[in-house]
Structures are given as structure tokens and as C-alpha cells.
Amino acid sequence: MTESVEDLLRTEAPQVLGALLRRYDDFAAAEDAVQEALIAAAEQWPRDGLPDYPRGWLIQVASRRMLDHLRSEQARRRREEQHPVEEHPEVPDQDDTLVLLFMCCHPALKPSAAIALTLRAVGGLTTAEIAGAYLIPEATMAQRISRAKLKVKESGASFRLPTADERSTRLTAVLHVLYLIFNEGYTSSAGPDLQRRDLSAEAIRLTRALHALLPDDPEVAGLLALMLLTDARRDARTGQDGELIPLTEQDRTRWDQKQIEEGVDLITATLPRGPVGPYQVQAAINAVHDEAATATDTDWPQLLALYGVLRGMTDNPMVALNHAVAFAMVHGPAAALDLLTTLAADKRIANHHRLHAVRAHLLEMAGEDTAAAEEYRKAASRTASVPEQHYLTLRAARLLS
Amino acid sequence: VKYMLLMHGSDRIDAPPIHTWDLEEVKTHIRFMRDFNTKLVADGEYVHAEGLTGPEEAKVVRAGSDGAPEVTDGPFPESKEYLAGWWVIDVESETRAFEIATAISLAPGPGGVPLRLPIEVRRVPDAPPVDA
């Protein structure tokens, strides 16, 4: 029961907020009121049973909180006369998730602020849950959220969909925020793992909702496929002691085949429709990995082609680095090492541990064990991730023993 | 991105030890630190902060060859610097971490003159990269 109440509340959160925003043009106060209603429901429903109309109940309770707020803040204006409490509030049948996503991922917000606001206002998570997931104190997270709401207000954002002109850049911002939430959960290295894993599940849930609203947008479908195909490998990604297991050495029987199938179907149906964007290409790359029964079955020529396409779309040096790995698998390590020499001139990556890790890997492929061990050691000393540091140190040690 | 800011006491700081300051100067210094932390919370960047007692009462513990604790005075009587306190902040960029470190560095000393404390900035381990 508790589980289903929680799921229900998270689904209802954006709808209830949307209903309030139609009536009261005060995003910050409405969002607070909805949060209070959700907390009240989480206490009462498991104990007293579900109300007949859960959404109506939430809208009514949130409206009362909103009015309490307006009364205490602006008693002089006697707002309550203009906004009487409706005993049977009208329950809108529109889905407000999309409008809220656009509001919360507003370009005026820094990523960390947009993430926090999205998780609360759209995801229906409490401030304490979000603070726990990001390992910062609740008071700090509360401030981050209220500042984000203030920024949205100051930017003059209103409760409506972006215009046709803004739409594409605004959607890019939404997708980026969802992607960051997913990554935070997927790559967690610290803190209670379960809490952080929830972030990936939440990102997938929100992206699924976005995909349901915009089924024809290829990049939304691409991002959802990318998340599914990446997340499918999660259980195989770390060993018993939390150590990192690279893709080539993972136990592929532990990959989630159902999720892979869903991701592959989605990206296969999406790619031919075009236009093709970076999330779709990354999903395709992960599909190629996921479809290989063993590491040696990996279709490297196809991956090389896909990384070539991705390089044309983004100026990200990490993509160039992955392209070099694929190049090595197709054309051998020597030529790929030359690519790395060129890449090392890029200041953004010259000192990055991944450049050294890839160089180490290519030197190992070329049989130059001593040089490879030295590069693994350099990479280990530069990474800020403890599991990765252990992995790289072990690689170096293995080559020298 | 989380950063740890380490505040070092040091004989390179152009000020006498804090216990020799006027009471008002000490109060001003402490108020600065407290207000600073309040602002960090308000900016959504505070994770944790503590000040440490002086190096006079510090000890270094090391396991002896028999595994028993060996406790000596520390940290290192001959050393010129010692840890005086730390912050953990969660900020958008390294640039922002430097800004905050600079602001702390300007904490007021005797006569209200900025101490220009040396603040060591260290990134806290974050997540390993997404594979593939």
C-alpha cells in the first residue's frame, strides 16, 4: 500500500501543481502548498485509506494551504474574497507535466538548481529526499529550491508552453536536466547507494512521461532509449566490493534483457524518422554494446561509424576520446595512439585522467606493458573517483607483476 | 561539484595568534565566520564546516609494531602550517569554489585588516564516468 501511495503521489504531483497554477499566479507559493499536501497525503492515506478522488483531495488540500499562505502574507488585500475555496474543485484533465518541466528547467537556472526544482515540483520528491540523494544538508537544499523558484519568478516565466521559437532550445535544456539526474544516480560513488539509484529510476520515469507527451520527438525517444540501454547494465557494472567492472569484462548474463529489448526497439523505431540528434546516436552506441553476446562479438566498425557521426555533432573531447578507442579496435592501437597525441593538444582534456586511461589501454593492446602501467598510474593519480582509482591502480599493478 | 576548503594556520600570516587579539577583534572575526556560513546555506552551497582547536592540543596516533596505539604530540612541532578548520561546499564550478575560498581568506584580523588566510581547495571525490 505504502509503495503504491508513493507512486500515486509522484504521478499526481505535477497535475496538482498545474491545477493550482491555473488559479493562482504564484509559482513559489503554489509549489510549497502542493508539497505540504503531498506530505499530508503520505501520512493520512496509508492510515485512512485512499480518498475517492485522490487528485481532487490533493487539489483541495493544496488550495487551502495556498489560501492560508495568501491570507497570512497579504491579509490586507483580502484575497480570499477573490478566491473562495471550492469544496468540490474542478479537476482538470490536461496533463501539466510538460509545462512544469519547461518551467523548472528554465534557462535562467543553473543546472543544480533546475535539477532540485524538477525533482520536487515535477517528481514529487520531498526536500529531504532530494537532499539525501545529493548528500547535502536539507537546509541547503531547501534554500537552493526556494532560490530557484525566485529565479523562475524573476525571469517572468508564466504557466504556459514555450513559443514555437523557444521550443527547441527549451526542450534541449529539459533533456539535459533529465540526463544529469540519470547520471547522478547511475554513476553514484558515495553515500547510500539505494537512495542514489532512485535518481536514475526517477529520471527514467520522468523521461517516460515526457516521451508519452511528445511521442514524435526523436531526441526525447533517444534519451529514453539511452537511459534504458545504459541502466540495463547497472548490476553488472560493479563487483561485490563496489569495484568498477569495465564493459568488456562485465558478466553479460546480469544485464537486464527486457530493458535492453525495450531500448533497442525504441531506438530502432526512432532513428529512421529523423532528424538524428546526439541522444539518439548515444542510444545507438549503447544498443550496439548491449546486443553483443560477448565483448569479442562487439560490432566495432559500426561503433566507429557512430562515434564518427557523434563527433560531427558535438565538440566534446570525451567523444573524440571514445572515437579513438573504437578506432583502435578497428585499425589497431598504433594509429589510435597518434589520434591521442593530437587530442592531447586540447587543453580541456590534456590533463584529464581519461586521456591517460585510454592511452594506457592502447599501450597495453600494443604490448607495451611498462609504458601502459605508467599511464595507468598517471590516470589513477588524476581521477577523483575512488572506485576508478582502485581499478586503474590494479591495472597498473597487474601489468608489472 | 563538492570541494573541501582547508583553512591553514600558518606563521606566514601577518598577524599575531588570535588569543592575543582584542576581544572586539576576536568577536568581529567569529561573527564574520558565522555570517559567512549562514550565507553559504542561503546560497544553497553549504555542506559542512568546522573549526578545529589549536595545534597545541593536537596528538598524532600511530599503531606501534605490536598494534597498540602510540600517541605523540602533534601534528608536527616543527611544521610551519597546521589545519585550523574546514568547509565542504557544493558549487557549480571550480571558479565559484575559488571565489568562496577568497572570501574566507579575507576574514578580518587585528584592526579589521583582512588576514589573507591561505585556503587549500580540494575537490571531493565524485562519481566515476558513465561507461561506453
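Here is a short walk through chain B and the side of chain B that touches chain A. This is a predicted model, in which local features need pLDDT of at least 70 and side-chain atom pairs count only at pLDDT 80 or more, while totals for chains, interfaces and linings use all residues. Residues are numbered from 1 along each chain as its sequence is written, and chains are lettered from A in the order in which they are written.

Let's start with the sheet. Chain B has an open sheet of 4 strands in the order S2-S5-S1-S6, with antiparallel pairing; two strands pair if DSSP finds at least two bridges between them, and strands (E, at least two residues) and helices (H or I, at least four) are DSSP runs numbered from the N terminus. S2 and S6 (119-123) of chain B are the edge strands, each pairing on one side only. From one strand to the next, the twist averages 20 degrees. S1 (residues 2-10) of chain B runs antiparallel to S6(B) over 5 bridges, and B:Met7 stands opposite B:Ile119 there.

Now for the meeting with chain A. Here 19 residues of chain B are in contact (heavy atoms within 4.5 Å) with 32 residues of chain A. Between the two chains there are 2 salt bridges, each a side-chain nitrogen of Lys or Arg within 4 Å of a carboxyl oxygen of Asp or Glu. A:Arg147 forms a salt bridge with B:Asp43, with 3.1 Å between the closest N and O atoms. On the chain B side, helix H1 (23-42) and strand S2 (46-51) each supply at least two of the touching residues.

Conventions:
Heavy atoms only, no water. Axes fitted to C-alpha atoms, helices over the stretch in contact; angles between N-to-C directions.
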